[in-house]
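Here are some notes on side-chain pairing for your review. Please read them with the model open.

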Amino acid sequence: MIYTDGIHMVATTEKELHRFASRMGIGRHWYEGIGKRHPHYDLPSKRVAMVVNQPEVEVVHSRVIVVRAKCMVMVPRTSKARSSPTP
C-alpha cells in the first residue's frame, strides 16, 4: 500500500516505495531516506494527480505519513542467509 498526503509519499516497505516511485517516473533524487528517521519521497507537483489516482494509493493526513514512515523503518530486513533452514 502506498500512502500520500499530496506532498510526501510512503509505503508499507521501502522496496515497494521505490518500485512505485519508479513506475510513476519519480526519480531517486526525490527520496528523503538515507540517514532519516522518516524515509519518504517528496512528491513532485506534476505527479500528484497521477499518483493519487492509482488504485494502490491511499490519500491520508500528513500525521499518518509520519507514522507510516516510522513503521517502514522498524520493519526488519531479512537476509537470504537468515531465511535459509539450518541443517
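1. Salt bridge. The model is predicted. One salt bridge turns up in a search of the whole structure. Its partners are Arg 23 and Glu 56, whose side chains meet at 2.9 Å, N to O. Arg 23 sits in helix α1, residues 14-23. Glu 56 belongs to the loop between α2 (48-52) and β5 (57-59), so the pair ties together parts that are 33 residues apart in sequence. Glu 56 has 23% relative accessibility, so Glu 56 counts as partly exposed.

2. Aromatic pair. The count of aromatic pairs is one. The ring centres of Tyr 31 and Tyr 41 are 5.1 Å apart, and the planes lie at 50°, so the pair is tilted. Tyr 31 is in strand β3 (residues 31-32) and Tyr 41 in strand β4, so parts that are ten residues apart in sequence are tied together. Tyr 31 is buried, at 13% relative accessible area. Tyr 41 is also buried, with a relative accessibility of 1%.

3. His 40. Which strand holds His 40? His 40 lies in β4, which spans residues 40-42. Is His 40 buried or exposed? His 40 is buried: its relative accessible area is 15%, and buried means under 20%. The side chain of His 40 makes a polar contact of 3.1 Å with that of Asp 42.

4. Surroundings of His 40. Set aside neighbours within four places in sequence. His 40 then contacts His 8, Met 9, Val 10, Leu 17, Trp 30, Tyr 31 and Glu 32. One of these, Tyr 31, is a member of the tilted pair with Tyr 41.

Technical notes:
Residues are numbered from 1 along each chain as its sequence is written. This is a predicted model: local features need pLDDT of at least 70, side-chain atom pairs count only at pLDDT 80 or more; totals for chains, interfaces and linings use all residues. Side-chain values use heavy atoms; hydrogens and water are left out. Helices (H or I, at least four residues) and strands (E, at least two) are DSSP runs, numbered from the N terminus. Buried means under 20% relative accessible area, exposed over 50%, partly exposed in between (1.4 Å probe, protein chains only). A polar contact is a pair of N or O atoms within 3.5 Å; within protein, one must be able to donate a hydrogen and the other to accept it, and residues adjacent in sequence count only if both atoms are side-chain atoms. Contact means heavy atoms within 4.5 Å. Rings of Phe, Tyr and Trp (its six-membered ring) pair if their centres lie within 6.5 Å; planes under 30 degrees apart count as stacked, over 60 as edge-to-face and the rest as tilted. A salt bridge is a side-chain nitrogen of Lys or Arg within 4 Å of a carboxyl oxygen of Asp or Glu.
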